[in-house]
Amino acid sequence: MNNLLYRRQFILCNKEINADPEWKQIKLGKNQGNFLLHIHPDLGFTQVINDRFELILLGYIIDPYEPDSSDSDILDKLALFHSFEEILTGTIALSGRFAIIYNDKDSVKVFHDATGLREIYYFHGNEAVAVGSSASILADFLKIQMDEEKEITKFYNSPELNNVERRWIGNRTIYKDVFHLLPNHFLDLIPGKTKRFWPTVAQKKTKLKDAAGIIAGILKGTFEAADHRFTLHQGLTGGWDTRVLLAAAQKYLDSIHFYFIRGFKTDASLGNSGDYTISKAIAEKCHFPLEIVLLNNDEIDPGFKKAYFQNNHLARPKLLAAYYDAFKKKLENTTTVAGTSGNEILRLLSSIDRNVEDGDKIAGLMGYSKHQYAVDSINEWLEECMPLKKLNYNLLDLFNWEQLFSNWGSLSTSEQDIVREELRPFNNRLLMSTYISLNDKYRYRDYPLGHIEVIKLLWPELLEFDVDIRNAAFKKFLRLLKMEIFTDKIYQRVKRLIK
């Protein structure tokens with residue numbers, strides 16, 4: 001278990017640190033700031049240097065339009081651009097989970113994939129400037145103390161945060177002067193400044209069939225590339241998001257290992273869940289094996305558990321058993337496929353309050369209204385985003401993308417680094433920006449026509465199976481009357497009034 005501490009993580013710093021000697025050490029070649037990059041041996045690393053700048057890729061990157069391209073091929077193409085701004089634009093249609101370091105004689109700049117799944121944190125102090133893959137690695141190597149500000153400490157220790165899977169808000173962390181880089185922004189490391197680089201042009205509504213064609217193409221190309229490179233283990237549920245991914249993976253049923261996490265061995269009731277029965281029916285009808293993963297929470301090795309919580313300051317107990325199960329099965333050379341972000345960014349979980357632009361109200365919707373840190377962080381983000389209204393973007397769409405998902409959705413991926421890599425095929429800026437440009441009526445969570453049109457293009461027979469949603473028969477009846485969304489809006493408003 002010696003390699004579990006900060007597994008698949010990195011730290012770049014202009015100060016000497018006591019990193020593990022088995023980690024790769026790379027001195028930035030262009031900048032004169034004496035920056036040294038330390039990389040865990042299990043984290044993917046690719047580098048290209050030309051006469052103008054240096055690019056370093058941490059993780060992996062996929063071009064769905066050229067699925068045979070390797071990390072090196074893609075990085076070489078990015079290196080053909082003449083400026084950092086052109087490089088940023090050149091990643092809009094790329095999938096994967098990556099951080100890219102750009103280094104020229106004047107600057108060190110860092111950015112990541114569309115939703116920030118390869119997390120980036122940074123510190124700017126009197127004696128050191130650093131960027132790393134977690135707040136924990138920065139705090140550990142640079143001996144940074146926890147922030148003693150009352151409101152942030154109150155929020156970090158609150159039941160409101162810890163009872164909802166630690167859905168952090170804002171770009172600050174519990175460590176003093178350590179910040180989280182949000183998606184669609186890059187970090188200019190030496191001055192410690194961040195800047196938004198997307199979006200830059202106005203959003204135009206996309207027709208449903210046009211959007212489905214773009215999304216289906218990206219998903220197909222992403223799976224083709226991933227099948228070339230990785231041993232894929234793909235989760236299956238009764239929901240919409242994994243259904244779309246299964247449709248995109250149709251050509252690779254023989255090479256992908258599909259699994260369903262049934263739950264703990266002491267919890268037999270999950271065996272009768274809609275998720276389980278639907279997943280099992282799909283696998284049987286489509287003739288591919290489905291592993292039913294049974295977890296045991298009592299057998300977790302203390303050393304594994306200690307490293308898991310040390311690796312990430314927000315790590316949660318909830319999925320620890322699942323990750324340890326994968327560790328025991330020696331799945332470190334596999335890549336798991338997940339549909340996360342479809343549910344949080346693409347589909348509308350709520351069809352009301354789409355135009356809320358107030359920190360108090362948004363914090364209230366999240367159950368954080370009594371935490372001033374959360375309210376202030378949301379208002380700070382709203383102020384920065386307000387010009388995007390002129391570009392026709394719905395600010396709540398961007399909030400779910402940049403705040404909710406980047407702080408919470410990326411957490412399970414970072415937690416899982418202790419075992420293996422993860423692929424989220426929806427994690428593509430072109431795909432997501434296309435989907436959120438659809439009319440809201442195509443994004444309704446229980447019957448998302450955006451998902452359905454993509455499935456029709458990729459594997460329409462999958463629409464013959466049920467989807468695991470509450471009151472499915474009643475909602476289907478309302479759908480026939482064209483009243484499903486309207487009724488749902490009324491129900492949600494009444495429910496909130498009662499609360």
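Where is Pro199 found? Pro199 lies in the loop between β12 (193-196) and α6 (208-229). Helices (H or I, at least four residues) and strands (E, at least two) are DSSP runs, numbered from the N terminus.

This is a predicted model, where local features need pLDDT of at least 70, side-chain atom pairs count only at pLDDT 80 or more, and totals for chains, interfaces and linings use all residues. Residues are numbered from 1 along each chain as its sequence is written, and side-chain values use heavy atoms, with hydrogens and water left out.

1. The peptide bond from Trp198 to Pro199 is cis, with omega near 0 degrees. Most peptide bonds are trans.

2. Look at Arg8 next. Arg8 sits in the segment before β1 (10-13). Phi of Arg8 is positive, near 60 degrees, and Arg8 is not a glycine. Most residues other than glycine have a negative phi. Arg8 counts as buried, at 5% relative accessibility (buried is under 20% relative accessible area, exposed over 50%, partly exposed in between; 1.4 Å probe, protein chains only).

3. Now Lys330. Its place is the loop between α10 (320-328) and β16 (335-337). Lys330 is not a glycine, yet has a positive phi of about 55 degrees. Lys330 counts as exposed, because its relative accessibility is 64%.

4. Turn to helix α12 (residues 359-366). Gly359, Ile362 and Ala363 are buried there. They are on the same side of α12, because they cover an arc of only 100 degrees around the axis (the arc is that of the directions from the helix axis to the C-beta atoms).

5. See the end of α12. Gly367 follows the helix, with a positive phi near 85 degrees.
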